[in-house]
2 protein chains.
Amino acid sequence: MFDRSTLPNSVTIYEVGPRDGLQNEKFVLPTLLKVELIKRLASTGIPAIEVASFVRADLVPALADADELLLEIAPLLSTHRMSALVPNQKGLDRALKTELREIAVFASATESFSKANLNNSVADSLDIFTPVIRQARDSGLDVRGYISMCFGDPLEGKVSTKQVVDVAERLFGDGITQLSIGDTIGTATPGDVVDLLAAFDSRAIPRSLLAVHFHDTYGQALSNTLTAILEGITTVDSSIAGLGGCPFAKSATGNLATEDLVWQLHGLGISTGIDFQALLDTSAWLAEKVGINIRSKAAIALINQ
Amino acid sequence: MFDRSTLPNSVTIYEVGPRDGLQNEKFVLPTLLKVELIKRLASTGIPAIEVASFVRADLVPALADADELLLEIAPLLSTHRMSALVPNQKGLDRALKTELREIAVFASATESFSKANLNNSVADSLDIFTPVIRQARDSGLDVRGYISMCFGDPLEGKVSTKQVVDVAERLFGDGITQLSIGDTIGTATPGDVVDLLAAFDSRAIPRSLLAVHFHDTYGQALSNTLTAILEGITTVDSSIAGLGGCPFAKSATGNLATEDLVWQLHGLGISTGIDFQALLDTSAWLAEKVGINIRSKAAIALINQ
């Protein structure tokens with residue numbers, strides 16, 4: 001049974017295109033185009049946007065302009081929920097010089113990915129995050145945590161729910177204000193989502209503090225998101241135009257496309273605060289003016305009509 | 001709430017790639033390759049395949065070889081559930097010369113599409129089908145009905161559930177043995193699926209006689225299918241490699257890809273009788289030997305690994 005009475009009245013879309021999306025594309029978007037993208041996204045009514053990352057410039061050249069970008073969009077930071085990824089103390093120092101009111105930290109549920117992506121064990125990366133999270137909170141910032149590889153890992157295979165909730169508990173203990181559960185390789189199916197959320201219940205972590213972040217590498221992102229929403233999740237990560245390739249397969253598909261998600265939510269009568277036509281106009285701008293390959297099916301269908 | 005206890009133990013996948021899929025592609029697959037595709041599909045364990053159409057050769061050149069094809073695969077017709085589309089009495093006459101044990105008729109819920117696609121009003125097309133269905137049943141064949149445009153129509157917009165169930169009731173009255181509900185333009189979202197199935201309840205048409213056929217033009221096909229399965233539907237149409245473009249948008253995406261569906265069902269512990277690796281081998285054969293552009297995300301992710 002699909003019980004509509006358990007659906008929420010509204011869902012908060014957390015747009016990750018400018019950070020997670022652009023970080024995983026093969027091109028580097030010039031700062032001024034990023035600024036325009038963020039302004040356009042904000043004007044659609046999208047309630048939360050991750051705009052930048054304070055990683056080392058040499059490690060992620062696509063996002064090397066974080067400081068400059070945040071200066072450019074400073075006026076938006078007081079009116080919109082925007083965040084930037086902070087990998088360590090140096091990143092936090094940079095973030096604290098901006099008008100940002102929220103940062104994000106990025107942990108892994110698996111040792112393999114932690115070592116590959118963060119160059120540290122899971123435990124060591126959490127030890128790095130602890131003072132970062134605490135100082136950010138003491139400075140009045142919200143802190144979003146991410147956990148990647150929450151369902152499967154390219155080297156380790158299926159990931160136990162215990163691995164995920166152990167990391168989650170530590171991050172919440174350190175003071176994060178929201179946690180985004182990532183299916184980084186996109187292999188999860190709806191039953192896995194139900195199982196993992198149940199594991200969060202067992203640690204008394206309320207679903208209101210969780211977000212979901214599904215990749216569409218196996219075509220499952222929207223089904224998994226729908227499942228999470230039926231299970232009480234009300235914050236969903238997605239990326240305009242499906243920006244963001246998949247780092248673990250030659251597949252072109254990475255993030256769930258915001259347009260397809262909004263089409264579904266609005267179709268279900270769930271409000272998002274987003275002006276769908278303005279969102280499509282932004283997709284069309286990305287395709288026509290910026291030359292980006294759109295991977296949202298709804299946007300492709302509607303823009304081409 | 002996502003209530004796994006309401007999921008079925010098994011789902012029957014009805015593969016439409018060789019007919020619906022190839023009919024809507026821009027190329028014509030040679031008969032011998034179609035034969036090989038059908039044999040490969042049958043050997044994966046896919047329980048039902050629509051293999052051909054007895055439309056006029058000049059109208060659908062891609063499927064002009066139906067008679068020859070059915071001779072070539074005659075040995076399979078006694079061991080596998082296979083069907084062919086029959087548009088009228090002439091088509092039935094051709095079908096009755098083969099070893100087919102099932103045919104399909106294709107109706108529309110909307111006047112616009114009926115006139116555009118069938119060159120008849122809805123009522124007139126149903127009048128043509130009535131003797132075809134009756135004679136087929138009298139000849140011992142099963143008859144699958146399709147209704148297209150069950151949710152939206154490119155000219156008429158949202159389609160009322162009454163239009164759909166009126167056509168359905170007539171087709172069941174004439175003797176069809178299964179009905180496939182088609183979202184031909186792919187605009188439906190899960191609530192629409194719930195509403196339409198409720199309308200079938202109101203006419204006392206049991207869900208066991210229904211199948212769903214979702215197009216992925218707006219990225220919703222797998223979510224809608226999941227919703228239908230949660231609502232008691234156990235037969236789902238899909239197309240290997242997502243074969244079949246969309247005739248109503250420049251989008252490349254048409255049918256739900258069988259591989260993505262099987263990934264989800266098997267992930268949920270729902271059996272299909274399909275050997276997933278054999279299915280992927282068939283996708284890889286289509287891509288590498290036949291040169292077809294695969295649109296199944298799971299197949300792309302797994303074949304490229």
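Reply: Here is a quick tour, from one chain to the pair.

Me: What should I know before we start?
Reply: This is a predicted model: local features need pLDDT of at least 70, side-chain atom pairs count only at pLDDT 80 or more, and totals for chains, interfaces and linings use all residues. Residues are numbered from 1 along each chain as its sequence is written, while chains are lettered from A and ligands numbered from 1 in the order in which they are written.

Me: How many helices and strands does chain A have?
Reply: Chain A has 13 helices and 10 strands. Those are DSSP runs, numbered from the N terminus: helices are H or I with at least four residues, strands are E with at least two.

Me: Which strands does β1 of chain A join?
Reply: β1(A), residues 12-15, runs parallel to β10(A), residues 235-238, with four bridges. Two bridges join β1(A) to β2(A), residues 48-53, also in parallel. Strands pair if DSSP finds at least two bridges between them.

Me: Which residues sit across from each other there?
Reply: Glu15(A) has Ser238(A) as its bridge partner in β10(A). Tyr14(A) stands opposite Ala48(A) in β2(A).

Me: What about burial in chain A?
Reply: Of its 305 residues, 57% are buried. Buried means 20 or more other C-beta atoms within 10 Å of the residue's own, with C-beta atoms placed from the backbone.

Me: And the largest nonpolar core, which residues have the most contacts inside it?
Reply: Ala84(A) and Ala84(B), in a core of 201 residues. A nonpolar core is a set of buried Ala, Val, Leu, Ile, Met, Phe, Trp, Tyr and Cys residues joined through C-beta atoms within 7 Å.

Me: What does Ala84(A) touch?
Reply: Leaving out residues up to four places away in sequence, its contacts include Val51(A), Phe54(A), Leu70(A) and Ile103(A). Contact means C-beta atoms, placed from the backbone, within 7 Å.

Me: New topic. How is chain B related to chain A?
Reply: A rotation of 180 degrees with 0.0 Å of shift along its axis superposes chain B on chain A, at RMSD 0.0 Å. The two copies are thus related as by a two-fold rotation axis.

Me: How many residues make the contact?
Reply: Chain B gives 39 residues and chain A gives 39 residues. On the chain B side, α10(B) supplies the largest share, five residues.

Me: Why do the copies meet through the same surface?
Reply: Because 100% of chain B's interface residues are also interface residues in chain A.

Notes: Copies are superposed by least squares on the C-alpha atoms of residues with pLDDT of at least 70 in both. Two residues are in contact if their C-beta atoms, placed from the backbone, lie within 7 Å. A residue is buried if 20 or more other C-beta atoms lie within 10 Å of its own, exposed if 12 or fewer, and partly exposed in between; C-beta atoms are placed from the backbone.
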